[in-house]
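The following exercises are to be worked with the sequence and the model side by side. Each task is followed by a solution in steps.

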Amino acid sequence: MNLQVQKNTLYVGKKKNPTPTGGLAEEVNEAILHSAFIPFGDIKDVKTPLDQATQKHRSFGFVTFLEREDAAAAMDNMDGAELYGRVLTVNYAFPERIKGGEQGWAAQPIWADADTWFERQQQEEEMQRLQAEQQAAMKAAEELHRKKLAEEREGEKEEETEIKADPMAAAEAETLKQQNA
């Protein structure tokens with residue numbers, strides 16, 4: 001599992017084997033987390049994911065800095081620090097993983113992806129229909145162009161035969177060629 005770390009987003013929370021004194025205290029909210037990390041640089045975003053059952057944060061959060069250097073400084077200084085009596089673990093965050101489908105299936109009914117599948121199928125069919133129409137129009141335009149060129153060539157041949165048949169017209173054509181040269 002080779003995930004790229006996000007160099008300007010920090011994970012703030014507990015270690016993999018949490019102790020009762022690890023992670024974020026229940027009193028800590030996004031505003032407090034923001035205040036704790038703002039001395040290290042401009043913060044873009046702070047998130048503390050909620051447990052759906054209790055509507056309390058899950059003892060960890062994410063702090064996203066505008067600059068990578070600020071995130072590195074915050075990690076160096078805050079890893080192992082204490083906040084509200086709890087020891088913090090601060091690391092670079094891994095990108096969010098979406099489970100299944102385009103939009104993720106973890107919080108969706110099983111048939112949710114079916115609607116987008118049908119929409120994609122309809123869009124693909126519409127694109128194929130439009131491409132076929134465009135190709136047909138291009139072929140018709142090419143055929144029309146070929147016909148016009150053929151008609152022009154026929155017209156030129158008729159003029160040449162008329163000039164050759166009429167000695168006076170041949171003399172006029174010869175005079176025009178000499179004047180243009």
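A pocket is an open set of grid points with protein on both sides within 12 Å along at least five of seven lines, and a volume is the space filled by probe spheres set on the points. The model examined here is predicted.

**Exercise 1.** Determine the volume of the second largest pocket and describe its lining by residue class.

*Solution.*
Step 1. The volume of the second largest pocket is about 170 Å³.
Step 2. Residues that line this pocket include Leu24, Glu26, Val28, Asn29 and Glu30, as well as Thr48, Leu50 and Arg86. The stretch Lys56, His57, Arg58 and Ser59 also belongs to the lining.
Step 3. Sorted by class, the lining comprises 5 charged, 4 polar and 3 nonpolar residues.

**Exercise 2.** Identify the residue that caps the N-terminal end of helix 1, and state which residues of helix 1 are buried.

*Solution.*
Step 1. The cap is asparagine 29, which has a side-chain oxygen 3.1 Å from the backbone nitrogen of alanine 31. Asn29 is also one of the residues lining the second largest pocket.
Step 2. Helix 1 spans residues 30-37, and its buried residues are Leu33, Ala36 and Phe37.
Step 3. Viewed down the helix axis, these buried residues fall within an arc of 85°, so they line one face of helix 1.

**Exercise 3.** Describe the salt bridge of lysine 47 and decide whether its two residues are buried, partly exposed or exposed.

*Solution.*
Step 1. The partner of lysine 47 is aspartate 45, with the closest N and O atoms 4.0 Å apart.
Step 2. Partly exposed covers the range between buried, under 20% relative accessible area, and exposed, over 50%.
Step 3. Lysine 47 has a relative accessible area of 45% and is therefore partly exposed. Aspartate 45, at 32%, is likewise partly exposed.

**Exercise 4.** State how many salt bridges the structure holds, and find the separation in helix 3 of arginine 146 and glutamate 142.

*Solution.*
Step 1. There are 5 salt bridges in the structure.
Step 2. Arginine 146 forms a salt bridge with glutamate 142, the closest N and O atoms lying 3.9 Å apart. Because these two residues are 4 residues apart in helix 3 (residues 112-165), about one helical turn separates them.
Step 3. Arginine 146 also forms a salt bridge with glutamate 143, at a closest N and O distance of 3.5 Å. This pair is 3 residues apart in helix 3, about one turn.
Step 4. Salt bridges with shared partners also join Glu126, Arg129 and Glu133 into one network.

Terms used
Residues numbered from 1 in each chain as written. Predicted model: local features only at pLDDT ≥ 70, side-chain atom pairs only at ≥ 80, totals over all residues. Heavy atoms only, no water. 1 Å grid on protein atoms, 1.4 Å probe; cavity = no way out; pocket = protein on both sides within 12 Å on 5 of 7 lines; lining within 4 Å. Nonpolar A, V, L, I, M, F, W, Y, C, P; charged D, E, K, R; others polar. Buried < 20%, exposed > 50% of the residue type's maximum accessible area, 1.4 Å probe, protein only. Arc of directions from axis to C-beta. Polar contact = N/O pair within 3.5 Å; in protein donor to acceptor, adjacent residues only side chain to side chain. Salt bridge = Lys/Arg side-chain N within 4 Å of Asp/Glu carboxyl O.
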